[in-house]
Amino acid sequence: MSRLEIHQIPVLSDNYVYLAHCPETGATAVVDPAVAGPVLDAAKAKGWTISHILNTHHHGDHTGGNLEIKAATGCTIVGPRADHDRIPGIDVQVGDGDTYKLGNAEAVVYDVPGHTRGHIAYWFEGSDALFCGDTLFAMGCGRLFEGTPGQMVASLAKFKTLPPETRVFCAHEYTQSNGRFALSVEPDNDALVQRMQDVDAARAKNIPTVPSTIGIELKTNPFLRADSPDLQRTIGLAGRDYVEVFAETRRLKDSF
Ligand code: ZN
Ligand code: FE
C-alpha cells in the first residue's frame, strides 16, 4: 500500500485543487479540477503525469477542468454514480462502499449527499487523507443545495468515525469566515478560540489553513457538534434533537 504525495493548488478565488501522486507507480489523480491550465502547469512542474481525475460532485468549480485535462492527458475520470449524468467526461462511476485503486493506493468511497444529491468523498486510509469536496470544511460544512439537514447529518457522521489524524482536504479556503461563525455559536469553546488565533495568524500571511484533521474538526466544527450543550444553549435549543440543532445552525450560518 503506497502513501500518496499530495500537492495543493489554489485556484479561482478560494478553491483548492489537489494532485495525489503514487510514488511507486506514477499514477497521479487530480481531485476536483475547477480549471485546467494551472493544474496542468502544476503537474508539469512536479514532473507528474496526470492519469486520473477524481470528482466529488458536479459543481462547475469542481469539474470545470475535466474535459480540457482529459483532452490533454487521456486521463480516466472517476465520479459519483448517483450523479453520473452531471459529471463531464465521466468514465468510471463509484458509490458508497466501493474501493478505487490509484496506483498502489486505495480509496474507500462514501456517498455523502446534502450539498448535492450525488456528492461523494474519497478516503485514502493508507495516506491519512480524506477528499471531501464541499461536504466538510474547516470549521464548516457545505450549503444544503440539494439535500436535507438529516441527509447532511448522516453524511458528516461517516467522517466522525475516521481516525482523528485523517487529514481533511476540503475544496475551499473558507476557514476564517467559518471560524467567525463557529465562535458566535460556541463562544466558550477553548479549542475553537485557540484555533481561530492560529487561523487569523496564518491568513494574515496568506498561508493555507487546509488541510485540517478530523480530530481538530471534532473539537471545533459546529456542524459536527450539534450535541454540544454550549452550542445548543447559545442558539436557544438546549436539549433538542441533533438534526434539529444542526438544521438551525446551518440556517444561522446561511445568513451570518
Ligand atoms: Zn459545490
Ligand atoms: Fe465548491
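Select Asp83, Arg86, Arg117 and Glu146 to begin: these residues are linked in a network of salt bridges. A salt bridge here is a side-chain nitrogen of Lys or Arg within 4 Å of a carboxyl oxygen of Asp or Glu. The model is predicted, with local features needing pLDDT of at least 70 and side-chain atom pairs counted only at pLDDT 80 or more, while totals for chains, interfaces and linings use all residues. Residues are numbered from 1 along each chain as its sequence is written, and side-chain values use heavy atoms, with hydrogens and water left out.

**Salt bridges between separate elements**

A search of the whole structure finds 15 salt bridges. Select lysine 70 and aspartate 91 next; their side chains meet in a salt bridge of 2.9 Å, N to O. Lysine 70 belongs to helix 3 (residues 66-73) and aspartate 91 to the loop between strand 5 (76-80) and strand 6 (92-94), so this pair ties together parts that are 21 residues apart in sequence. Helices (H or I, at least four residues) and strands (E, at least two) are DSSP runs, numbered from the N terminus. Lysine 70 is partly exposed at a relative accessible area of 24%, and aspartate 91 is partly exposed at 42%. For these classes, buried means under 20% relative accessible area, exposed over 50%, and partly exposed in between, with a 1.4 Å probe and protein chains only.

Move to aspartate 96 and lysine 158, whose closest N and O atoms are 3.3 Å apart in a salt bridge. Aspartate 96 lies in the loop between strand 6 and strand 7 (99-102) and lysine 158 in helix 4 (residues 149-160), so the pair ties together parts that are 62 residues apart in sequence.

Now select glutamate 186 and arginine 225, a salt bridge with its closest N and O atoms 2.8 Å apart. The loop between helix 5 and helix 6 holds glutamate 186, and the loop between helix 7 and helix 8 (229-234) holds arginine 225, so parts that are 39 residues apart in sequence are tied together. Glutamate 186 counts as buried at 1% relative accessibility, and arginine 225 counts as buried at 18%.

**Helix 6**

Select residues 190-204, the 15 residues of helix 6. At the start of this helix, a side-chain oxygen of asparagine 189 reaches to within 3.0 Å of the backbone nitrogen of alanine 191. Colour Leu192, Arg195, Met196, Val199 and Ala202, the buried residues of helix 6. Viewed down the helix axis, these buried residues fall within an arc of 125°, so they line one face of the helix; the arc is that of the directions from the helix axis to the C-beta atoms. They pack against helix 5 (175-185), strand 14 (212-213) and helix 7 (214-220). The face turned away from the buried side carries the exposed residues Asp190 and Ala204. Beyond the helix, asparagine 206 has a positive phi, near 60°.

**Aspartate 134**

Finally, centre on aspartate 134, in the loop between strand 10 (129-133) and strand 11 (136-137). Aspartate 134 is buried yet has no salt bridge, and the nearest side chain of opposite charge, arginine 143, is 9.7 Å away. In this count Lys and Arg are positive and Asp and Glu negative, with His and the chain ends not counted. Beyond its neighbours within four places in sequence, aspartate 134 is in contact with residues including His57, His59, Asp61, His115, His119 and His172, contact meaning heavy atoms within 4.5 Å.

Definitions and conventions: Chains lettered and ligands numbered in written order. Expected span 1.5 Å × (residues − 1). Polar contact = N/O pair within 3.5 Å; in protein donor to acceptor, adjacent residues only side chain to side chain.
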